[in-house]
Structures are given as structure tokens and as C-alpha cells.
Amino acid sequence: MFDGILYVTQYLYSVNPTRFLGDPAFEFGNQNSLGLFSPFFGLFVRIFGVARGAFVYTFFMQLAWVVAAIFFVRSLLRLIWQKLWILPTVILMAFFFANGMVLSHIGWFQYIPMYVCSRSFSMVLGIAAMALLFNQKKYLSFVLILLGTVIHPITAGWCLPFWMFFFYPKTRIPICVISFVFPFTFLLHWHVLDFLPEDWLSRPLPYAPNYEVISRYVLLLVFWGILRRKTLNNVVQRISLNLFCVTAIACYWDVWGGYGEHIFLHQVQPWRAVWLPTIVAVPLGVCCVKDIARRFLGHRQITTHDFSLLLLIVSFISPVNIISVSVVALIFFVVKKKCLTQTGVVAIFAAFMLGTFVVQQYYTWCLQGLLPFLNSNFVTVGRIRDSFLVYQLVFVVGFALFFLRQRRYVLSAILLLSVFFSRFLLLPALPLFLYLFPNLQKTKYWGIAAFIVVLTMFDGLIDVETRRTTMIDGLPVNFYWICLASVLSFASVCLSKRFSYVPVAIWIFACSLVAVVSYSAESADWKTKEAQLDYYFHHPIFPQVAERGKMLFYVSGRYVSEPRLQFFTGSYISNSSMVGSVFSKEHYRTALVRSHMLYQKDRNPQSHQYFDYSVIINKIADADTLIERVSFLCENEEISHLVTDKADLPYVKVDSTIVQESQKVYLYGCPSGK
């Protein structure tokens with residue numbers, strides 16, 4: 001949402017810069033200054049207005065995303081002779097990348113009317129370029145990559161090294177060497193080729209790679225490394241090696257930018273590169289699962305190499321990628337290739353159950369204050385617990401289907417029961433024991449079974465407040481749609497004997513229809529806000545104030561912390577004042593000082609902690625505090641006016657206006673002529 005605010009208002013700034021005079025995010029530039037997106041988006045604004053223009057742009061970009069992705073999947077799967085699986089792969093991709101999933105940073109049909117972002121257009125061009133690249137369209141793909149780079153350099157720009165590796169393999173080593181040496185340019189101490197000074201950005205740095213980012217790098221590196229060695233297709237081998245190199249470069253630069261504090265490498269945000277290896281990994285991963293499932297259904301055994309790929313592909317839908325799982329997958333692949341026995345699979349299942357139990361207990365004890373969260377927080381640990389439950393869910397469903405084929409209906413029912421009563425973490429151990437050890441002495445057999453039942457009940461009834469009710473509680477709502485998408489994808493294969501664009505067109509139409517209907521079903525209040533946006537785009541509120549950056553806004557209602565979206569105007573401070581400050585030290589210092597001045601009347605802050613305006617609002621909600629802060633800012637000539645809907649403040653009312661049909665907003669001037 002923050003970037004969207006800037007991109008919507010940046011166009012207005014390009015045609016009327018006085019509307020944002022003195023606003024830090026525009027005074028010093030921002031990420032939009034590095035691309036040519038505003039003129040393109042301006043076409044939609046001029047034709048449809050602000051609110052509708054934002055929707056139309058988003059709709060067409062997401063629609064273009066789908067069309068580009070279809071041709072991308074078609075081009076990729078034709079290389080490995082999987083044309084029949086184009087439609088099901090496209091269906092599954094829509095939900096692997098759905099909003100809320102672990103891969104949602106790629107973006108697919110996230111219809112938020114006010115979310116206008118240049119990355120969406122840049123990614124469309126990047127995906128289209130990759131489709132052309134896989135069709136051996138060297139120069140046309142290069143042109144699209146350049147266009148995408150011009151729109152948003154750090155999105156489509158990552159296709160450039162892949163393009164070089166794909167068409168000119170001999171450039172791979174030189175580019176990797178240069179990428180390795182580049183971070184040492186900090187020795188030049190020249191402009192952005194230096195370390196970030198202590199008074200620029202808070203620590204830890206805003207884009208320092210956290211556990212989730214690092215685990216995603218590890219997942220992709222292991223996936224592409226394994227696929228490079230496992231596949232016999234020469235083209236897939238080249239793609240895997242090239243994407244392994246791109247991911248390694250991004251990871252290496254991200255560490256230097258986030259932890260090494262290299263200015264340039266922090267500004268280019270290397271973690272954005274993961275969209276490229278991820279969007280190629282999913283279709284190839286879907287085909288790998290299909291091949292493994294076909295071998296299994298054909299009563300052929302699964303090998304350790306197959307199992308390593310399955311673990312990695314399940315990670316694509318888990319709430320967070322777990323580094324230890326990627327390492328286990330790598331170990332399974334590195335060791336000598338073997339066929340997995342039933343006992344071996346059960347042992348792996350038991351290991352994941354133990355992992356789930358350990359993480360759950362650690363999570364519980366941390367919340368109870370018995371243990372500290374080591375280099376993490378309760379949200380991350382909770383998501384790791386949820387991810388272990390996802391792996392356990394896959395094992396449970398797999399064994400339940402296996403028991404059904406064996407006509408062991410009671411064992412299958414017990415396993416499925418554990419899905420909906422996950423507080424009993426040890427419940428799956430009972431059917432596994434009953435199946436594996438039927439030849440034990442009868443007394444010992446039922447004695448151990450009774451012990452497992454007692455232990456399971458004891459564990460599941462005591463101190464379980466922090467446990468999930470079901471194994472799927474930690475998954476986003478879209479997970480249910482993934483299950484439906486899986487059914488649709490397999491149905492499409494069964495009903496179709498050859499590839500056709502007709503079902504693809506139906507799929508595009510269905511997705512588009514859902515998006516339009518969802519948008520049209522908005523509340524009347526939201527439509528009123530949209531009308532307000534269009535009005536203030538053409539008619540600035542209180543136009544008599546020239547320096548908009550000296551207006552402090554506190555008007556209740558939607559976007560109370562974002563006056564830029566409330567009234568399309570610059571302001572003294574807003575919730576997105578820091579967006580883009582990574583590109584300018586002056587921007588950062590200005591926004592930091594303003595937040596401290598307003599929050600705690602500190603003109604020379606020694607701390608680098610920035611107070612979001614949404615936090616400040618809670619403090620100035622008290623009328624006395626608001627009056628005190630406004631007087632302080634006026635005395636220091638930080639602001640010239642206050643805009644608020646509070647009618648009883650001890651200042652001179654310069655003007656007033658009606659907003660949202662009934663809300664009256666006042667323009668107060670500073671006391672004593674300030």
C-alpha cells in the first residue's frame with residue numbers, strides 16, 4: 001500500500017509539483033524518480049479519473065500478468081514436452097502465487113483498487129520477455145527486458161543476467177566473478193559505493209534479510225541445484241544452472257547490502273530478484289510432482305531423489321520456508337540414490353512429527369516466558385510451527401490414501417481425524433504403529449497401542465492453549481482454493497487430450513469476472529471515498545496555503561494517517577513519509593526529525609527510531625496533547641497550519657470545508673502570526 005500511495009501521487013506531482021511542496025517524500029525524490037512509470041499511469045488517470053483509473057490499470061496489469069504467464073508456461077513446458085499440462089499448471093500457478101501464500105510477493109489477481117505499483121507492469125514485461133526467451137526470440141526478449149527495467153529497474157532488471165547466461169553461456173563466469181568482487185567497491189568510499197553512515201536509516205536496516213528471506217534463498221538454491229543434477233533435459237539443466245547463479249548473486253548481494261551495509265547494494269534491494277527463479281520453479285516443480293505421482297501410481301517405488309524434490313515443492317505452499325527442511329532435502333539428494341521403503345517413509349514421518357512437537361513446545365514455553373525467542377519473535381516461530389504442520393499434513397493425507405488402497409479404513413480414518421484435532425500431535429503415531437508391527441505378541445501389541453493412546457490424550461489435553469485446532473488453521477484462506485485448483489487441474493487433464501486455447505480463455509474470463517464482481521460489490525462508503533479522491537485530485541483542499549509540507553493533518557476517517565490519499569496533497573508528516581528514504585539521507589533525516597518533534601517534542605533526536613504517524617495519531621488523539629504539539633511546532637516554525645475536524649481548538653480558524661458530504665474540516669493558523 002505504501003508504494004501505491006507514492007505512485008498515485010507521483011503522477012500528480014509530475015504535473016503539479018506545488019501540491020507537494022515541502023513534503024519529504026517528494027522534496028528529495030523516491031523510487032519512482034528512477035523509472036518512467038508516472039507518464040504511463042497518467043494516461044489511465046486522465047481517461048478514467050483517479051479511483052477508476054487505478055482500478056482499470058490494476059485490472060489490465062493483472063490480466064496481462066495472466067496472459068503473459070500462460071504464454072510463459074506454454075513456452076517453458078514445450079521445452080520439456082509437457083504441452084498437455086499447460087492449463088493445469090496455469091491453474092495451479094494462480095494459487096501458488098495468490099495473496100496470502102508464501103509466494104504472494106510475486107502477485108496474481110490481487111485486486112486492490114488503490115494499489116498502483118510500477119512493479120506490476122515491470123513484472124508483466126519480465127514474464128513476457130521470459131516467454132519469448134524460451135522461444136529463442138533473442139532480440140525481442142531483450143527489448144522487453146529493457147522496457148521493464150526502465151519502468152522498474154530492480155524487478156525486470158534481474159532478467160538481464162539470465163538473458164546473458166541463456167544466450168551467451170560464456171558470460172556466466174565473468175558476470176559471477178564481477179558480482180563477487182563488486183561489494184568490495186566500498187573501498188572507494190565514493191558516493192553510493194561506501195558503507196551506510198550511522199545517521200542514515202535505523203538499525204537493523206529495513207531491508208536486512210530476515211529468516212524468511214534467507215530461508216527462501218536456501219530453498220531456491222537447493223531446488224535449482226538438485227534439478228540441475230537430476231534432470232536429463234539439457235535445456236532444463238541450462239535453465240537450472242543459470243537461475244542458480246542469479247539466486248546466488250542476489251543472496252550474496254543481499255547479505256552485503258543488509259548486513260554489510262553497502263549503500264548501493266542496500267538500495268537495489270536484491271531480495272526482489274527471487275521473483276524470477278520462483279516463477280520458473282513452480283511450473284517445473286508441478287511437472288516433477290506429476291512425474292513422481294505417475295511412477296507411484298504405476299506401483300514403482302519413489303527414490304530418495306524424488307523425495308527430496310517433493311519436500312522442496314511442499315515448501316512452496318508452507319507458511320514459511322524452513323532452512324532445516326531444505327538441508328534435509330539436500331542430504332537426501334547427495335547420499336547414494338536409494339528406493340524408499342515403507343519403513344523409511346514412516347521414519348521420516350516420525351521425524352517431522354517430532355520436529356512439530358519440539359517447535360510447538362518451544363513456542364508454548366516462549367509465550368509462557370520460560371524460554372527466550374532466540375534471534376526471532378513469536379510470529380516467526382508460530383509460522384515455523386505452522387509449516388511443520390503442513391509437512392505433517394502432507395504425510396497424513398498420503399498415508400491415509402495409502403491405507404485406503406490397502407482397505408485399512410480404520411487406520412485411514414484415525415489419520416484423517418488428526419487433521420482436524422491437531423492439538424493431539426501424537427495421534428498419527430497410533431495408526432503407523434498398528435500398521436508396521438502387526439506381528440508383535442498380542443499382549444505387547446495392544447499394550448503399546450494403549451500406551452500411545454494414553455500419551456496422546458495426556459499431551460493433547462494439558463497446556464494446549466497455544467496449539468492449532470486443525471493442521472490447516474495456519475494456512476491462508478487461499479489454501480482451500482489451492483485444493484480446488486488441484487482438482488480442476490487434474491480434471492482438465494482428464495477431459496483434454498491435447499492443448500487448446502479454449503479452456504485457457506475460459507479460465508482468463510472466469511478470473512476476470514470474479515475480479516470485476518468483487519470490485520463492483522464494494523460498499524457505498526468506499527465509493528464515496530473514491531469520489532472524494534477524484535474531487536481532490538482536481539481541487540486542492542485549502543489552496544491558499546502555498547507550502548503544503550507545513551500543513552499538519554489530523555482528520556479522522558479513512559486514511560487518517562495518510563493525508564496524501566485523503567486530500568491528494570503534501571503534508572508535514574504521514575504514515576508513508578519514510579518511503580523512499582533509503583535513496584536519500586536528507587529525506588531520512590527530515591522525516592525522522594519531524595516524527596520526533598511531533599511525538600516527543602525532540603528537535604535533535606539522538607535515536608534513529610522513527611515514529612510512524614499511525615502511532616503518533618494515538619498520542620495526539622488527546623486534545624490537550626494535540627494543542628501542546630501544535631503550539632510547539634508553530635513556535636519552532638515547523639508548521640504554518642493545522643487541518644483537522646476538531647472544532648474547539650484555541651487557534652484562529654482561517655477556513656473550513658465539508659468533506660465526505662457531512663464532515664466539516666477546519667484550517668487553523670498558527671497563533672501569534674506563526
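Buried is taken here to mean under 20% relative accessible area and exposed over 50%, with partly exposed in between (1.4 Å probe, protein chains only). The structure is a predicted model, so local features need pLDDT of at least 70 and side-chain atom pairs count only at pLDDT 80 or more, while totals for chains, interfaces and linings use all residues. Residues are numbered from 1 along each chain as its sequence is written, and side-chain values use heavy atoms, with hydrogens and water left out.

Salt bridges make a handy starting point. The term covers a side-chain nitrogen of Lys or Arg within 4 Å of a carboxyl oxygen of Asp or Glu, and by this rule the count comes to 12. One of them joins the side chains of Arg203 and Glu261, at 3.1 Å from N to O. Arg203 sits in the loop between helix H10 (172–181) and helix H11 (211–230), and Glu261 in the loop between helix H12 (234–258) and helix H13 (263–267), so this pair ties together parts that are 58 residues apart in sequence. Helices (H or I, at least four residues) and strands (E, at least two) are DSSP runs, numbered from the N terminus. With a relative accessibility of 29%, Arg203 counts as partly exposed.

Another salt bridge pairs Asp306 with Lys230, their closest N and O atoms being 3.1 Å apart. Here too distant parts of the chain are linked, with Asp306 in helix H15 (residues 304–314) and Lys230 in helix H11, 76 residues apart. For Arg467 and Asp459, the closest N and O atoms of the salt bridge are 2.8 Å apart, and both residues are buried. Arg385, Asp386 and Arg468, for their part, are linked in a network of salt bridges.

Next comes the nonpolar packing. A nonpolar core is a set of buried Ala, Val, Leu, Ile, Met, Phe, Trp, Tyr and Cys residues joined through side-chain atoms within 4.5 Å. The largest such core has 159 residues, and Phe72, Phe134, Phe162 and Val280 touch the most other members. Helix H4 (residues 50–79) gives the most to this core, with 17 residues. Contact means heavy atoms within 4.5 Å. Setting aside residues up to four places away in sequence, Phe72 touches Ile127, Met130, Ala131, Phe134, Ile279, Val280 and Pro283. There is also a second, separate core of 39 residues, and Trp200, Met578, Ala591 and Leu649 are among its members.

Helix H20 (residues 429–436) is largely enclosed by the rest of the structure, because six of its eight residues are buried. Those six are Leu430, Pro431, Leu432, Phe433, Leu434 and Tyr435. Their cover includes helix H17 (342–367), helix H18 (378–405), helix H19 (409–420) and H21. Helix H21 (residues 442–461) holds Thr456, a residue that is buried at 3% relative accessible area. A polar atom of the Thr456 side chain lies 2.7 Å from the backbone oxygen of Ile452. That is a polar contact, defined as a pair of N or O atoms within 3.5 Å; within protein, one must be able to donate a hydrogen and the other to accept it, and residues adjacent in sequence count only if both atoms are side-chain atoms. Residues up to four places away in sequence aside, Thr456 touches Phe424, Leu426 and Leu427.

Leu12 lies in helix H1 (residues 2–15) and is buried at 2% relative accessibility. Leaving out neighbours within four places in sequence, Leu12 is in contact with Pro17, Arg19, Phe20, Phe537 and Phe568. Leu565, in helix H25 (residues 563–567), is buried at 2% relative accessibility. Leu565 and Leu533 are 32 residues apart in sequence, with 7.1 Å between their C-alpha atoms.

Finally, the sheet. Two strands pair if DSSP finds at least two bridges between them. Four strands form an open sheet in the order E1-E2-E4-E3, with mixed pairing. Strand E1 (551–554) and strand E3 (652–659) are the edge strands, each pairing on one side only. Strand E2 (residues 641–644) and strand E4 (residues 663–669) pair in the antiparallel sense over four bridges, and Val643 stands opposite Leu667 in E4.
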